[in-house]
Amino acid sequence: MEQLDPLSPPPNTSHPGVMATEITKKFASAVKTLSAGELVKDEHFTLFESVAALEIMDPKMDSGTLAEGESLDEEYDVSRDLLPEEILGIIDQLLCLEMAWHLGYPLSQTLFTSVYIESLMKPRPTDIDQADFIRDAQGRERQPKLLFVLRAYCLGLLKACCFVNELVKDELYYEEEDFVTNTYDRKLLFDIPVASINNLLLKARSDLRLASNDVPKEISAALDLRLELRMAFLRAIDLSSLRKNNPDSLKMPWIQMSGLIEHIQKQHILGKPVPEAFSTKLQRRMASTMPPRPMVQPSFEESYDNFKRLFQDGVDIMDVLKYAEPQSLMNFVLLFQTRKPQPLVYIRTLLQSMICKEMVVLGNYSIRQILDHDLSIVVLPCAAQIDRSYDTIEVPTDPRHQIAAQMEIFRQRVAECYLEIFRIFCQNRCRVRRTLCHSIQEWDMLQADVEEIDQLLQVALDEKPLTISRGDIGFSLPLSSWAYLYKLRQMEWIVQLGFELEIYQTDELAGMYWYLNYLAKTRAQHGDRIKSFTMRSLNEARYGVAGSSDQQLPQYTPAKERDYMTSLAYLRVTMLDAACTWEFADGLCCLYTALQRLNLVAVPQRPYSSDTLRYDLRMKPFRSIALPPLPTFDEFTRATLQPETTTYDLLKYAESAVGGARKGYEALSKMSETQAFSANTHDRWVGNIKNCLRAAIAAGVAVSTLQRAFERAGGKESGSVPQLGLRVEMPEVGEKGKGYHDWWIVPKLVHKT
């Protein structure tokens with residue numbers, strides 16, 4: 001079809017059947033009557049008419065558009081003779097396209113642009129013999145000698161993609177945000193057993209060695225390594241489903257692939273690209289309503305870096321199966337997902353499947369075992385509520401039967417919410433924060449529900465309230481206390497992820513750090529309350545209940561001592577962590593408030609916003625939460641700005657708070673993995689704490705710099721805002737950021753030049 005010159009005059013619409021009307025002026029004047037953001041929709045102009053109005057023959061929208069002299073279908077001949085280095089080049093390009101798919105691009109723009117891949121899948125093969133580039137017997141006899149290497153590689157690649165795709169679909173992920181599972185009516189060799197493909201790969205490696213006389217030695221070695229990579233990938237996927245095996249044995253294929261990719265990277269220069277073996281024309285055959293899209297192909301160096309990271313992450317996540325206790329498991333997931341860059345979707349979904357699959361946790365444990373273990377550490381060491389012997393009591397009037405029945409109701413209520421925390425942290429960071437905002441609503445309702453169970457258990461256990469010198473502080477309510485502690489942790493994570501994701505502007509940091517301080521202080525106080533009841537339980541276990549005889553005292557064993565000490569150790573580390581967060585957030589709040597007073601942090605113009613609206617927006621996730629109560633806007637503003645405190649005193653408070661946080665982080669960094677509850681992830685845990693410590697030291701430097709400049713300028717005696725000769729540089733957050741920790745945004749004060 002003749003192409004139209006874009007500079008040519010409009011077509012002549014003068015025809016007896018055409019009555020053209022000029023509407024430009026009428027349209028322009030009508031538009032002026034609309035206010036900003038107003039939309040006019042004709043009820044009779046539906047989506048169907050809108051799509052039908054799209055211009056046909058537009059190459060951006062019409063996949064059937066052909067350039068002059070272009071054919072509709074790809075004319076590349078898959079039976080053509082290929083040089084060994086060309087086969088190597090095609091395989092390396094397939095590696096790049098495979099990684100592009102793992103990074104989140106659809107198959108239609110990556111692997112399905114390969115003519116060889118398409119010829120294997122269409123028509124759909126039913127067995128390994130049909131899965132060939134050339135389907136007729138005569139054509140196979142004439143095919144090039146070394147094409148069997150490319151065929152075996154492609155089949156291994158497709159089967160690996162099939163397994164990855166199915167795993168991702170079975171777990172929690174977000175389509176097109178993280179990963180695209182659409183296969184466009186291609187089955188990815190779903191019906192062909194993996195054993196047949198492994199046998200074909202073995203045979204291809206054997207035949208390649210026999211053909212060594214026809215292939216240069218270095219090319220033959222490079223092709224063999226790529227076939228070995230495909231076998232190792234299939235073996236890694238297969239072993240990952242065997243969660244009961246020794247974790248170290250599950251690491252072996254991943255370690256093997258880490259070594260192979262290093263050699264493959266060095267051999268890449270031996271290959272010769274064959275760009276004509278890839279074409280976007282193949283998109284025309286796919287079951288898709290999407291317009292044509294260009295092929296996505298990262299560079300080989302970029303793909304190598306991503307594969308290297310993928311294989312190392314595969315090695316590391318196997319440590320999750322080395323279960324110690326639930327808090328270490330939680331820390332493992334939290335710290336693993338903070339890696340920069342974040343692990344790929346396949347690794348994150350693989351981690352989900354390892355944690356919980358078919359109601360079995362880590363391949364060996366029931367959900368009840370994990371929950372009871374967590375309760376014993378946090379709130380119920382050596383408690384009757386988690387005594388398994390009560391399950392055998394069948395007399396309905398027996399308190400032990402009632403306790404077991406109520407605890408079963410509790411487990412059924414909380415199991416899904418509890419496991420959901422692990423799934424949430426296996427998402428991308430933006431989605432983690434968004435999902436946590438929904439999760440805390442569920443945990444708030446859960447806390448109210450389990451408080452009713454607590455009250456029923458009080459009667460069955462004949463529990464007495466705890467009285468101390470300051471007066472009666474009531475009943476322990478261990479189950480609702482446990483739920484409240486997890487809810488508080490999630491609320492803190494939401495605020496902290498807001499700093500990491502740069503949701504808050506610079507002038508909002510003071511307010512959000514004050515709210516983080518408020519949450520952390522509440523968590524520390526709640527931890528202290530739990531500790532009071534744990535100490536009472538420990539004393540009763542050691543010395544008996546006041547007023548009871550020695551005959552009624554159960555034997556205090558070393559196992560009970562160990563459980564109590566573990567619980568107290570957990571409360572110690574969680575209260576110290578809360579105190580560090582509380583102090584550091586308080587110090588940064590005071591620092592940013594002082595910077596605003598001294599006009600070192602500019603407040604941007606917001607013609608469509610107000611402080612009240614912005615407060616409502618930031619606190620929206622917490623508005624419906626019953627406990628802790630949300631501060632009102634006036635309370636929030638007064639606590640942030642601290643109008644009754646002078647700037648000099650504000651900086652003194654900041655210095656003291658940051659110094660306290662620094663000492664706390666120093667104490668945390670010296671803890672062993674048992675004390676820190678960081679089994680199998682202690683190095684990452686210590687690294688995270690040390691980054692917080694570095695941020696606290698940097699904050700101390702910023703506070704002292706501002707103090708000295710403030711005192712030199714006579715700000716202590718002067719009632720006006722002094723000129724300090726300083727400017728604020730904010731650190732960049734993210735993978736290439738200059739900040740020490742993504743959750744602690746510490747400003748840098750430098751002298752003006």
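Helix H14 gives the most to the lining of the second largest cavity, with three residues.

Colleagues, a word on the source. This is a predicted model, in which local features need pLDDT of at least 70 and side-chain atom pairs count only at pLDDT 80 or more, while totals for chains, interfaces and linings use all residues. Residues are numbered from 1 along each chain as its sequence is written, and side-chain values use heavy atoms, with hydrogens and water left out.

Let me turn to the chain as a whole. It has 23 helices and seven strands, and its C-alpha trace spans about 95 × 75 × 60 Å along the principal axes. Of its 753 residues, 50% count as buried, where buried means under 20% relative accessible area, exposed means over 50%, and partly exposed lies in between, with a 1.4 Å probe and protein chains only. Contact means heavy atoms within 4.5 Å. Among contacts between residues at least 6 apart in sequence, 78% join residues at least 24 apart.

I return to the empty space. Rolling a probe the size of a water molecule over the atoms shows where such space is left. The structure holds five cavities of 30 Å³ or more; grid points are joined across faces, edges and corners, and a volume is the space filled by probe spheres set on the points. The second largest cavity has a volume of about 50 Å³. Its lining consists of Gln352, Ile355, Cys356, Leu419, Phe422 and Arg423. Two elements give two or more residues to this lining, namely helix H12 (345-355) and helix H14 (399-424). By class, the lining has four nonpolar residues, one polar and one charged. In this scheme Ala, Val, Leu, Ile, Met, Phe, Trp, Tyr, Cys and Pro count as nonpolar, Asp, Glu, Lys and Arg as charged, and the others, Gly among them, as polar.

Helix H14 also holds Arg411. Is Arg411 buried or exposed? Arg411 counts as buried because its relative accessible area is 5%. Beyond its neighbours within four places in sequence, Arg411 is in contact with Arg368, Leu371, Asp372, Gln385 and Ile386.

The largest cavity contains about 70 Å³ of space. Among the residues that line it are Asp319, Tyr323, Phe332, Leu362 and Asn680. The lining divides into seven nonpolar, two polar and three charged residues.

I come now to the aromatic rings. A pair of them is described by the distance of the centres and the angle of the planes. Rings of Phe, Tyr and Trp (its six-membered ring) pair if their centres lie within 6.5 Å; planes under 30 degrees apart count as stacked, over 60 as edge-to-face and the rest as tilted. The structure holds 33 such pairs. In one of them, the centres of Trp101 and Phe179 are 4.9 Å apart and the planes stand at 55°, so the pair is tilted. This pair links distant parts of the chain, 78 residues apart: Trp101 lies in helix H3 (residues 84-102), and Phe179 in the loop between helix H6 (147-170) and helix H7 (194-210). Both Trp101 and Phe179 are buried.

A second pair joins Tyr323 and Tyr365, with centres 4.7 Å apart and planes at 50°, so this pair too is tilted. Tyr323 is in the loop between helix H10 (300-317) and helix H11 (326-336), while Tyr365 is in strand E3 (residues 365-366), 42 residues apart. Tyr323 is buried, at 17% relative accessible area, whereas Tyr365, at 26%, counts as partly exposed.

Ring pairs also link Phe499, Tyr504, Tyr513, Phe584, Tyr592, Tyr665 and Trp744 into a cluster.

Finally, charges over rings. A charge sits over a ring if NZ of Lys or CZ of Arg is within 6 Å of the ring centre and within 35 degrees of the ring normal. Arg431 lies over the face of Tyr174, 3.8 Å from the ring centre. Arg684 lies over the face of Phe332, at 5.2 Å from the ring centre; Phe332 also lines the largest cavity.

Notes. 1 Å grid on protein atoms, 1.4 Å probe; cavity = no way out; pocket = protein on both sides within 12 Å on 5 of 7 lines; lining within 4 Å. Helix = DSSP H or I, 4+ residues; strand = E, 2+ residues; numbered from the N terminus.
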